[in-house]
Amino acid sequence: LADQHYWAGGYERALELSRAAREQAVDPSSAEALLRGGGLEGLLLTAMGRYEEALSRFDAVIALGRELDRSVRVLLNYSTMAFRELYDLTEARRRSEESLTQQGRSASFHMPWMNALVDLIHTDVLAGEIGAAERGWQDLWEDVLSTPAWERWFLGGKMAALRAEIALQMEDPRAAAEWALKAIDMARGVRRVKYEAVARAILGRSWL
């Protein structure tokens, strides 16, 4: 439930629920809720601009995951958002790459590795490495769209917004506007307020 409020932009309610998940995860079988709750809390604090708290929460929950001998690839993915927003792109890239080296990749659950690759594309865009971003995007786009699970809508809309930014810098305003409109439609279809706003900002820039 906290995830759904986060995706729809209800950060305060999502923060309450993520903390509740972490605080109630007290029995030995609750490690996943404990780690995910703490990781989502870090994401929400980042989204609210509370970066020092977010970094502290991420560090604590990643350390706990390692102590419990659990995979921390999802938590590493979560934490890269804060470093991208702070433009510590070296650390953001390092964490995404570490996530990709984590053992135990599932043959059917693609979100962790796909998300890490999308984050690396985003990092390339922020770093001005548009050629690398475009190559990474081309390698991943069809795989994301062909996935029957939630990766398709969760990552597809973000990738469409990234493609609009790539087009704005590599191609022409018309191509950027077309991708921005596609990203807006994808975001509105699943109420991803954040990426609707991102795509609308790119659309506005394409008209300047």
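Buried, in this report, means under 20% relative accessible area, exposed means over 50%, and partly exposed is anything in between (1.4 Å probe, protein chains only).

What you're looking at is a predicted model, where local features need pLDDT of at least 70, side-chain atom pairs count only at pLDDT 80 or more, and totals for chains, interfaces and linings use all residues. Residues are numbered from 1 along each chain as its sequence is written, and side-chain values use heavy atoms, with hydrogens and water left out.

Helices here are DSSP runs (H or I, at least four residues; strands would be E, at least two), numbered from the N terminus. Contact means heavy atoms within 4.5 Å. Setting aside neighbours within four places in sequence, N115 is in contact with N77, F154 and L155.

T80 sits in helix α5 (residues 73-85) and is buried, at a relative accessible area of 0%. Beyond residues up to four places away in sequence, T80 touches A92, R95, S96 and D119.

A133, in helix α8 (residues 130-146), also counts as buried, with 0% relative accessibility. Leaving out its neighbours within four places in sequence, A133 is in contact with I121, D124, V125 and I166. If you want a distance to check on screen, the C-alpha atoms of A133 and K194 are separated by 21 Å, with the two residues 61 apart along the chain.

**The core**

A nonpolar core is a set of buried Ala, Val, Leu, Ile, Met, Phe, Trp, Tyr and Cys residues joined through side-chain atoms within 4.5 Å. The largest one has 50 residues, and Y6, L140 and M159 touch the most other members. Helix α9 (residues 151-170) supplies the largest share of this core, eight residues. As background, nonpolar side chains tend to be buried together in soluble globular proteins. M159 shows who its partners are: V118, I121, W137, L140, W141 and V144, not counting residues up to four places away in sequence.

**Helix α3**

Helix α3 (residues 31-47) has 17 residues and reaches 24 Å from its first C-alpha to its last, close to the 24 Å expected at 1.5 Å a residue. That expected span is 1.5 Å times one less than the number of residues. How many of its residues are buried? For α3, 12 of 17 are, which leaves the helix mostly covered. The buried set includes A31, L35 and G37, as well as E41 and T46. And what does the covering? The elements over the buried residues of α3 include α1 (2-7), α2 (11-24), α4 (51-67) and α5. After α3 comes G49, with a positive phi near 80 degrees.

**Aromatics**

Rings of Phe, Tyr and Trp (its six-membered ring) pair if their centres lie within 6.5 Å; planes under 30 degrees apart count as stacked, over 60 as edge-to-face and the rest as tilted. The structure holds 10 aromatic pairs.

| Pair | Ring centres | Plane angle | Type |
|---|---|---|---|
| Y6 and Y11 | 5.9 Å | 40 degrees | tilted |
| W7 and W153 | 5.2 Å | 85 degrees | edge-to-face |

W7 in helix α1 and W153 in helix α9 are 146 residues apart, so to speak a link between distant parts of the chain. W7 is buried at 17%, whereas W153 is partly exposed at 31%. In the other pair, Y6 is buried at 9%, while Y11 is partly exposed at 23%. W7 and W153 also belong to one aromatic cluster together with W150 and F154.

A charge sits over a ring if NZ of Lys or CZ of Arg is within 6 Å of the ring centre and within 35 degrees of the ring normal. The charged end of R163 does this over the ring of W137, 5.3 Å from its centre.

**Two loop residues with positive phi**

Most residues other than glycine have a negative phi. D69 has a positive one, near 60 degrees, and is found in the loop between α4 and α5. Y87 has a positive phi of about 60 degrees too, although it is not a glycine; its place is the loop between α5 and α6 (89-101). Are these residues buried or exposed? D69 is exposed, with a relative accessible area of 72%, and Y87 counts as exposed at 54%.
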